[in-house]
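Student: I would like to go through this model term by term. Can we set each label against its cut-off?

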Amino acid sequence: MKKFELMAPCHFGLEAVLKKEIYDLGYEILQVEDGRITFEGDAEAICRGNIFLRTTERVLLKVGKFHAETFEELFQGIKGLPWEFYIPANGKFWVTKASSVKSKLFSSKDIQSIVKKAMVERMKQEYDMDWFPEDGPSYPVRVFLYKDEVTVTLDTSGVSLHKRGYRYLCGKAPLTETLAAALILLTPWKADRIFVDPMCGSGTFLIEAAMIAANIAPGMKRRFLSETWENLIEKDLWKECFKEARNMVNTDISVDIQGYDIDGDIIKAARDNAKRAGVEHLIHFQQRGISDLHHPKKYGFIFTNPPYGERLEEKKALPDLYQQIGQAYRGLDSWSMYMITSYEETERYIGRKADKNRKIYNGMLKTYFYQFLGPKPPKKKNRGIA
């Protein structure tokens, strides 16, 4: 089976998490860049990447790479790529995105136009056709220019992979599913440890944790654009990969995952989201405030995405809110707390400097992932057989 170069974009600073995911699927990493991992795989890797990867936004199929400083060089470079191998004569193709960083060609609109024209010229020549109906499967093209190096890809995912299909209603400052999963996987949390989000909003942290614990593939309940690419991926291959995902699920597990929010309507929405994700029975939801956060067990984990105070009237309430969070956390013996927020005074009002802090962009918003670390639990003793 033909090997492809596949590219998986991710949040800046979380490349190591995605790299491990790809390794765990059994594929060879070719390159690690800021916000992007390139790996090698066959047609099955396209299917499995879309279905199983929790922390990438999409899976891109690399068509080619070349240097271009002028529009003529761009045109000839695109025309020189073997588009007839990837796109059938009736395929619908367009440039869905063109981005340029530190390159002489910077107009996205002009880049898109030139790329489309060059693709048409190549396909006219190869298919001996003057006009293309474009009434078949869709093949969206994504073009990236960095320091005059042009990377050309096809988007195999379609709708972004963060859209798992379970979240209908979001609270304020929503966290994408891919970012939530990446932050969880960045920590030492395992399914046998307590997991609490005291300001759970739409429940994204909780649901992603439950899906990880139950081994539910994030793309198992949705569809992908490349399922229609029968010229590249056999239909049965998708069926086999979806079957693999279903066979790996284990929801008959015992976990302690809890979510609270002071807003009863938000709790109902979060519960509905969990139900659509198939993990409602694994999460305990309750309407309660942050000051009511307490737990008798040790070595638990708090994961939360509290309000950022983007509006002036909301910002005034943040010192008191973060003080409440800090006070509640101090009452939890030996727990760890992980918090993503853009609020610059977080550590001051929590009352403790974070053990680790990582800058992360949530969309266009600069945020910080504060990590307050508790002690490790004692190792369980292995009891020998008498």
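Tutor: A crossing is left-handed if the near helix is turned anticlockwise from the far one by less than a right angle, and right-handed if clockwise. Helices (H or I, at least four residues) and strands (E, at least two) are DSSP runs, numbered from the N terminus. The model is predicted, so local features need pLDDT of at least 70 and side-chain atom pairs 80 or more, while totals for chains, interfaces and linings use all residues. Residues count from 1 along each chain as its sequence is written, and side-chain values use heavy atoms, without hydrogens and water.

Student: Which hand does the crossing of α6 and α7 have?

Tutor: Right-handed. The axes of α6 and helix α7 (residues 204–213) come within 9 Å and cross at roughly 60°. Axes are lines fitted to C-alpha atoms, for helices over the stretch in contact, and angles run from 0 to 180 degrees between N-to-C directions.

Student: Which residues make the contact?

Tutor: From α6, Glu177, Ala180, Ala181, Leu183, Ile184 and Leu185 take part, and from α7, Thr204, Phe205, Glu208, Ala209 and Ile212. Contact means heavy atoms within 4.5 Å. The residues of this contact of α6 with α7 split into eight nonpolar, one polar and two charged. Here Ala, Val, Leu, Ile, Met, Phe, Trp, Tyr, Cys and Pro count as nonpolar, Asp, Glu, Lys and Arg as charged, and the others, Gly among them, as polar.

Student: Why is helix α6 called largely enclosed?

Tutor: Because eight of the nine residues of α6 (residues 177–185) are buried. Buried means under 20% relative accessible area, exposed over 50%, partly exposed in between (1.4 Å probe, protein chains only). The buried residues of α6 are Glu177, Thr178, Leu179, Ala180, Ala181, Ala182, Leu183 and Ile184.

Student: What makes α2 oblique to α8?

Tutor: The axes of helix α2 (residues 43–52) and helix α8 (residues 235–248) cross at roughly 40°, coming within 9 Å. That angle makes α2 oblique to α8. Under 35 degrees is roughly parallel, over 145 roughly antiparallel, 65 to 115 roughly perpendicular, and the rest oblique. The crossing of α2 and α8 is right-handed.

Student: Which residues of α2 and α8 meet?

Tutor: On the α2 side, Ala43, Glu44, Ile46, Cys47, Arg48, Asn50, Ile51 and Phe52. On the α8 side, Leu237, Trp238, Cys241, Phe242, Glu244, Ala245 and Met248. The residues of this contact divide into eleven nonpolar, one polar and three charged.

Student: How many disulfides are there, and how do you know?

Tutor: Zero, by the rule that a disulfide is a pair of cysteine sulfur atoms within 2.5 Å. Cysteine 47 is in none, since the nearest cysteine sulfur, that of cysteine 241, is 4.5 Å away.

Student: Are cysteine 47 and cysteine 200 buried or exposed?

Tutor: Cysteine 47 has 0% relative accessibility, so it counts as buried. Cysteine 200 has 6%, so it too is buried.

Student: What makes α3 oblique to α5?

Tutor: The axes of helix α3 (residues 71–79) and helix α5 (residues 108–127) cross at roughly 40° and come within 8 Å. By that angle, α3 is oblique to α5. The crossing of α3 with α5 is right-handed. Phe71, Leu74, Phe75, Ile78 and Lys79 of α3 take part, and α5 contributes residues including Ile111, Ile114, Lys117 and Arg122. The residues of the α3 contact with α5 divide into nine nonpolar, one polar and five charged.

Student: Why is lysine 356 called partly exposed?

Tutor: Because its relative accessible area is 47%, in the middle class. Lysine 356 lies in strand β13 (residues 356–362). Its C-alpha is 6.2 Å from that of tyrosine 370, 14 residues apart along the chain. Beyond four places in sequence, lysine 356 is in contact with Phe369, Tyr370, Gln371 and Leu373.

Student: What makes threonine 346 buried?

Tutor: A relative accessible area of 0%. Threonine 346 is in helix α12 (residues 346–350). Leaving out residues up to four places away, threonine 346 touches Tyr322, Met339, Thr341 and Tyr370.

Student: Where is asparagine 215?

Tutor: In the loop between α7 and α8. Asparagine 215 has a positive phi of about 60°, although it is not a glycine. With a relative accessible area of 34%, asparagine 215 is partly exposed.
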